[in-house]
Amino acid sequence: MSFDLASIGWTPTVSDAFDALGDDALEPARVTAQHRGSYVIVASSGYSQAVVPGRMSHRLAAGEMPAVGDWVGVTPGDPAVIAEVLPRATRLSRKVAGLEAEEQVLAANVDLGFVVAALDGERNDRRIERYLTLVWEGGARPVVVVTKIDLDPQWETKVEELRRSLVGTDVVAVSNETGD
């Protein structure tokens, strides 16, 4: 099976970064899922499992380890071995849980970050602002998606209020029930 990497974001910039590695033994791939100690990647040959060698996990800080969305150079195999992480255009990250101040990258190379907030119950504007900050600081463009508008007859007023308070951020109102 052959997979078109351009359909998942392969660009001339990513191609140049990959070529700069200068290692013909490596194949370009994108990380699509991360599990404890292993990854799912997609390369031109299709989906496969991948791992990070011990020397890489000792060399890189937590925030530099592969994350979902990263472009990587892999040595093909079963599993493939991630040898290099290409430079990131954007990153959505947070502080690792606990006392340490290490960065945990949630996703890399993201263009849009959707912040979803339901209209049923009390809206938490501070939480929305925190998530918007995370998206803006990561280099992506945030979009607030307000859901369950069918449950509130005053939804138009509330959404307009939110739009006025979130200058520079698109706000989209949707209802799964009605399709609006």
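Reader: What percentage of the 180 residues in the protein chain is made up of buried residues?

Author: This is a predicted model, in which local features need pLDDT of at least 70 and side-chain atom pairs count only at pLDDT 80 or more, while totals for chains, interfaces and linings use all residues. Residues are numbered from 1 along each chain as its sequence is written, and side-chain values use heavy atoms, with hydrogens and water left out. A residue is called buried if its relative accessible area is under 20% (exposed is over 50%, partly exposed in between, with a 1.4 Å probe and protein chains only). Here, buried residues make up 38% of the 180 residues in the protein chain.

Reader: Which strands form the closed barrel?

Author: Two strands are taken to pair if DSSP finds at least two bridges between them. In this model, five strands make a closed barrel with mixed pairing, in the order β1-β2-β3-β5-β4. The twist from one strand to the next averages 55°, where axes are lines fitted to C-alpha atoms, for helices over the stretch in contact, and angles run from 0 to 180 degrees between N-to-C directions.

Reader: What is the strand order of the open sheet?

Author: The order of this open sheet of three strands is β8-β9-β10, and the pairing is parallel. Its edge strands, each of which pairs on one side only, are β8 (112-118) and β10 (170-173). Neighbouring strands of the sheet are turned by 25° against each other on average, direction ignored. Seven bridges connect β8 with β9 (residues 141-147), the two running parallel, and V115 stands opposite V144 in β9.

Reader: Which helix packs on this sheet, and which strands does that helix touch?

Author: Contact means heavy atoms within 4.5 Å. Helix α4 (residues 155-165) packs on the sheet and touches β9 and β10, with its direction at about 165° to that of β10.

Key:
Helices (H or I, at least four residues) and strands (E, at least two) are DSSP runs, numbered from the N terminus.
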